[in-house]
Amino acid sequence: MGRAAAWVRGMKVANGDSLIEGCVAGKVDKFVFTVTENGMWKISELSEYREQGRGGSGVKVGAMTEKTWQVIGAFTLTEEQKKNGSVILISKDGQTIRVPLTDVRVTGRATQGVILAKLKDDADSFTSATVVDKSEWEEDGVESNVNEAPNESA
C-alpha cells in the first residue's frame, strides 16, 4: 500500500472493551499465559484459542470477575519457555516480583486462574508483566534484585 492508503482494521472492539495484547503464534508456541491486575495467572493450551482474521472480535482469555480484576498481559509460550521462563510483575507502588513458570499446571481457557503473587498493600495493583527466559537472564550476567515468590504450583 502507498502512504496515502487507508488503514486496515485489525480488530473490532466493543464499547467498554479494550485490546490488551496481540500475539502472533508461531509453530513452536504451545501455550497462552495470562496475568491480571491482582496477580492471578493461568496457562492454557494454545489449541483452545481460535484463529482471528482482520476485523475479528478477539478471543476471550478467561472468566473475568471481581475476583480476577482486569487482564494486564497475555503471552504465547513455547514448551522451552514454560520450563525455563519466569514472569516479572511490577505494581503501581513499585513492588516487583519474579516467579518461575516451572511446574505450573495448565488449565482450561474458560477458567479464572489462581493467585500467582500477593501484593503488600490491598489498594495496590499490578500494572506490568513480562516473561523472561532463564537462560537469557543468566547469559546476560544480570543479578536479580527482585523478590522471588515461592513456587506455589497449582
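**Entry 1. Largest pocket**

I sorted the lining of the largest pocket by residue type and got 16 nonpolar, 12 polar and six charged. For this I took Ala, Val, Leu, Ile, Met, Phe, Trp, Tyr, Cys and Pro as nonpolar, Asp, Glu, Lys and Arg as charged, and the others, Gly among them, as polar. The model is predicted, and I let local features count at pLDDT of at least 70 and side-chain atom pairs at pLDDT 80 or more, while totals for chains, interfaces and linings use all residues. Residues are numbered from 1 along each chain as its sequence is written, and side-chain values use heavy atoms, with hydrogens and water left out.

The volume of this pocket came to about 1200 Å³. Of its 34 lining residues, Glu-21, Gly-58, Val-59, Lys-60 and Val-61 are the closest to the centre. Strand β3 (residues 71–78) gives the most to the lining, with three residues.

My terms: on a 1 Å grid over the protein atoms alone, a pocket is an open set of points with protein on both sides within 12 Å along at least five of seven lines, a cavity is a set where a 1.4 Å probe fits but cannot get out, and lining residues have an atom within 4 Å of a point. Points are joined across faces, edges and corners, and a volume is the space filled by probe spheres set on them.

**Entry 2. Cavities**

I searched the whole structure and found three cavities of 30 Å³ or more. I listed its lining as Thr-34, Val-35, Thr-36, Met-40, Trp-41, Lys-42, Val-61, Met-64, Val-71 and Gln-112. Strands β1 (29–36) and β2 (40–45) are the elements that give two or more residues to this lining. By type, the lining of the second largest cavity holds six nonpolar, three polar and one charged.

**Entry 3. Fold**

I counted two helices and eight strands, in the order β-β-β-α-β-β-β-β-α-β along the sequence. Both are DSSP runs numbered from the N terminus, helices being H or I of at least four residues and strands E of at least two. Of the 154 residues, 36% count as buried, that is, under 20% relative accessible area with a 1.4 Å probe, protein chains only. Among contacts (heavy atoms within 4.5 Å) between residues at least 6 apart in sequence, 75% join residues at least 24 apart.

**Entry 4. Cores**

I took a nonpolar core as a set of buried Ala, Val, Leu, Ile, Met, Phe, Trp, Tyr and Cys residues joined through side-chain atoms within 4.5 Å. The largest has 19 residues, of which Phe-33, Val-87, Leu-89 and Leu-116 touch the most other members. Two or more residues each come from β1, β2, β3, β4 (85–91), β5 (96–100) and β7 (126–133). A second, separate core of five residues includes Val-32, Tyr-49, Val-61 and Val-71.

I found one aromatic pair in the whole structure. Phe-33 and Phe-75 are stacked, at 6.1 Å centre to centre and 25° between the planes. I paired rings of Phe, Tyr and Trp (its six-membered ring) with centres within 6.5 Å, and called planes under 30 degrees apart stacked, over 60 edge-to-face and the rest tilted. Phe-33 lies in strand β1 and Phe-75 in strand β3, 42 residues apart. Phe-33 counts as buried because its relative accessibility is 0%; Phe-75 counts as buried at 16%.

I then looked up Gly-73, in strand β3, which is buried at 0% relative accessibility. Leaving aside neighbours within four places in sequence, Gly-73 is in contact with Ile-20, Glu-21, Phe-33, Thr-34 and Val-35. The C-alpha atoms of Gly-73 and Leu-89 are separated by 10.0 Å.

Terms used: Buried means under 20% relative accessible area, exposed over 50%, partly exposed in between (1.4 Å probe, protein chains only).
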